[in-house]
Amino acid sequence: MSHSLSRTLFVGGAAAALIATGAPAQAAAITVPPDKIVIELATVNGSGCREGTAAIAVSPDNTAFTVTYSEYLAQVGAGAPPTAFRKNCQLNLRVHVPNGFTYAIVQADYRGFASLQRGAWGQERANYYFQGMSQTAQRTHQFNGPVDDNWQSTDKTEYADLVWAPCGEQRNFNINTELRVGAGTSGPQALNFMAMDSTDASVNTLYHLAWQTCPAHKP
């Protein structure tokens with residue numbers, strides 16, 4: 001299902017993200033845009049983020065943005081619907097940057113809560129891509145029971161390996177995530193689940209942004 005959202009985010013100062021392409025001017029120097037950056041959450045798709053259950057906010061120091069979910073839950077076992085073992089979400093972001101700048105995501109931190117019996121397992125997966133470009137390799141983090149606690153995983157890309165957003169073009173940025181739970185040897189009566197949500201506002205997904213200047217236009 002697809003839901004158009006009208007939230008507009010403002011990102012200013014230094015920042016960070018995991019993907020992008022192009023040939024920015026000074027690979028070694030990081031330059032922050034002097035103006036605020038506008039990020040629009042264009043659409044949200046997926047069984048883990050129906051309308052009204054995903055929210056985005058900019059960190060106070062403007063170095064990242066966070067995504068908080070309220071119903072992103074994969075579960076298997078007693079009482080769980082047959083299709084609930086896998087949940088996914090695709091965020092489509094429209095990022096408006098000042099002329100002369102480009103960006104990439106250098107790190108993404110995922111958080112949530114898991115209750116996995118001995119023998120059960122859970123997975124968090126994510127990949128990223130710009131509209132019209134190839135998706136990045138999917139990154140998978142495995143959690144094996146017994147677990148009954150908060151979980152966290154991090155995707156990080158070295159600066160030299162970043163793929164920068166094309167300079168001078170408007171291409172939406174897509175973030176795909178997935179949660180999957182398997183009963184394994186825990187037995188059909190055991191309820192196992194993994195959530196990417198929390199009633200605690202400090203538990204969320206955090207995306208760090210990096211900025212760079214584009215090559216000067218030659219007449």
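1. A cavity here is a set of points on a 1 Å grid over the protein atoms alone where a 1.4 Å probe fits but cannot get out, while a pocket is an open set with protein on both sides within 12 Å along at least five of seven lines; lining residues have an atom within 4 Å of a point. Grid points are joined across faces, edges and corners, and a volume is the space filled by probe spheres set on the points. By this rule there are three cavities of 30 Å³ or more.

2. Please keep in mind that this is a predicted model, in which local features need pLDDT of at least 70 and side-chain atom pairs count only at pLDDT 80 or more, while totals for chains, interfaces and linings use all residues. Residues are numbered from 1 along each chain as its sequence is written, and side-chain values use heavy atoms, with hydrogens and water left out.

3. Who surrounds the largest cavity? Its lining consists of Ile39, Phe65, Leu93, Val95, Tyr103, Ile105, Phe173, Leu209 and Trp211. Strands E7 (86-96), E8 (101-116) and E14 (205-213) each give two or more residues to this lining. Strands are DSSP runs of E with at least two residues, and helices are runs of H or I with at least four, numbered from the N terminus. By class, the lining has nine nonpolar, no polar and no charged residues. Nonpolar covers Ala, Val, Leu, Ile, Met, Phe, Trp, Tyr, Cys and Pro; charged covers Asp, Glu, Lys and Arg; the others, Gly among them, are polar.

4. Now for the largest pocket, with about 230 Å³ of space. Its lining has 18 residues, and Val97, Phe101, Pro166, Gly168 and Glu169 lie nearest its centre. E7 and E8 are the elements that give two or more residues to this lining, and E8 gives the most, with three. The classes here are ten nonpolar, six polar and two charged.

5. Valine 97 deserves a look of its own, in the loop between E7 and E8. Valine 97 counts as partly exposed because its relative accessible area is 26%, given that buried means under 20%, exposed over 50%, and partly exposed in between (1.4 Å probe, protein chains only). Beyond residues up to four places away in sequence, valine 97 touches Ile37, Tyr103 and Trp211, where contact means heavy atoms within 4.5 Å. Valine 97 and tryptophan 211 are 114 residues apart along the chain, with 9.8 Å between their C-alpha atoms.

6. E7 has pairing partners too, where two strands pair if DSSP finds at least two bridges between them. E3 (residues 37-45) runs antiparallel to E7, joined by seven bridges, and valine 44 has leucine 91 as its bridge partner in E7. E7 also pairs with E12 (residues 173-182) in the antiparallel sense, over eight bridges. Leucine 93 stands opposite phenylalanine 173 in E12; leucine 93 and phenylalanine 173 are both among the residues lining the largest cavity.

7. Leaving aside neighbours within four places in sequence, its contacts are Ala74, Gln75, Val76, Leu179, Arg180 and Val181.

8. Finally, the whole chain: zero helices and 14 strands. Of its 219 residues, 49% are buried. Residues 24 or more positions apart account for 84% of the contacts with a separation of 6 or more.
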